[in-house]
Each structure stands twice: as structure tokens, then as C-alpha cells.
Amino acid sequence: MILDTITLPDDLLWINEFEWNPVEQTTERSLTGALLVQEGQLLHGRPIVLSGNGEAGWVSLLTVKNLFALSKAANKTMTLTLPDNRQFSVIFDRANGAPVEAQQVMPFAYPDLSFTTPIRNKPIRKKCLKFG
């Protein structure tokens, strides 16, 4: 798995892959009590959260530092290549908290070895940048 120029472990999981619906719907009642329904197709902005859930997807301290450095760049469009070769143009999702989080797997001992790293991304269309 590769995010921009950073190689990530292939055992990171796209943990919210099947929690997204490409159709947005709103409903409300009219003054007569009739149900008004509006639906539309969502074209972009599907969330991608990559995580090992603490048991997989461990990375080195250097990889964590590289991810944090990458997350500091505003308006940065990146290519995410999954292990099955699907590719997405993504930006970091800053609207739902920190885009990169890291925790030591074994605190206090050997801080350079292993970290777990949930990563939040949103696919975007290359010509239409949406940040937030």
C-alpha cells in the first residue's frame, strides 16, 4: 500500500469501506403532512480510514514522522494505492479530527520500532479540491 511516496503495510484495513452510501437523502414533512423526499448521487468525498485496529498495520517511527510531515501540507492531493491495486486521489480528512494518529505498540521500550497508525483520507476528483 502506498500513500503518495510513503509505503504503508499491506495489512492496514480500510475499516469503513462498506459504511458509505453513494446516495444522500433528506426527508421532511410539508404543511399538509405529506412526506417530501430528496435524493442525490454523491460523486466525491467518500471517507477512507485505514487502520490496523492495534493488532496490524504497525509502522516504524520514521514512517510516522513522514506521515505527520505529509499531513502538514495544506491542499495536498495524494495518490493512495491499495494492495489490490485500486487507486484513489485523496486528501487528508481534517474535519473529523487529526488525519494521522500514532500510538506506540510497546510504550517505554524501543520507541523506534512499532506504532499503530489510523489514517483518515477522503477521495477527491483531481480537478475539484474539497478541503475540510
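## Getting to know this predicted model

Let's start at one end: setting aside its neighbours within four places in sequence, Ile2 is in contact with Thr7, Thr79, Leu80 and Thr81, where contact means heavy atoms within 4.5 Å. Ile2 sits in strand 1 (residues 2-3). With a relative accessible area of 35%, Ile2 is partly exposed; buried means under 20%, exposed over 50%, and partly exposed in between (1.4 Å probe, protein chains only).

A word on the numbers: this is a predicted model, so local features need pLDDT of at least 70 and side-chain atom pairs count only at pLDDT 80 or more, while totals for chains, interfaces and linings use all residues. Residues are numbered from 1 along each chain as its sequence is written, and side-chain values use heavy atoms, with hydrogens and water left out.

Now for the whole protein. It has 1 helix and 11 strands, in the order β-β-β-β-β-β-α-β-β-β-β-β along the sequence. These are DSSP runs numbered from the N terminus: helices are H or I with at least four residues, strands E with at least two. Here are some overall figures.

| What | Value |
|---|---|
| Buried residues | 31% of the 132 residues |
| Contacts joining residues at least 24 apart | 64% of contacts between residues at least 6 apart in sequence |
| Carbon and sulfur atoms' part of the accessible surface | 54% of about 8600 Å² |

The accessible areas come from the Shrake-Rupley method with a 1.4 Å probe; for residues, only the protein chains shown count as cover.

What about aromatic rings? A search of the whole structure turns up 1 aromatic pair. The rings of Trp14 and Phe88 have centres 5.4 Å apart and planes at 80°, so this pair is edge-to-face. It ties together distant parts of the chain, with Trp14 in strand 3 (residues 13-14) and Phe88 in strand 8 (residues 87-92), 74 residues apart. For the record, rings of Phe, Tyr and Trp (its six-membered ring) pair if their centres lie within 6.5 Å; planes under 30 degrees apart are stacked, over 60 edge-to-face, and the rest tilted. Trp14 counts as buried, at 10% relative accessibility.

Strand 3 also pairs with strand 6, in the antiparallel sense over 2 bridges; pairing takes at least two bridges found by DSSP. Leu13 stands opposite Ser51 in strand 6. Which residues of strand 6 (residues 48-51) are buried on each side? Ile48 and Leu50 are buried on one side, Val49 and Ser51 on the other, and both faces are covered.
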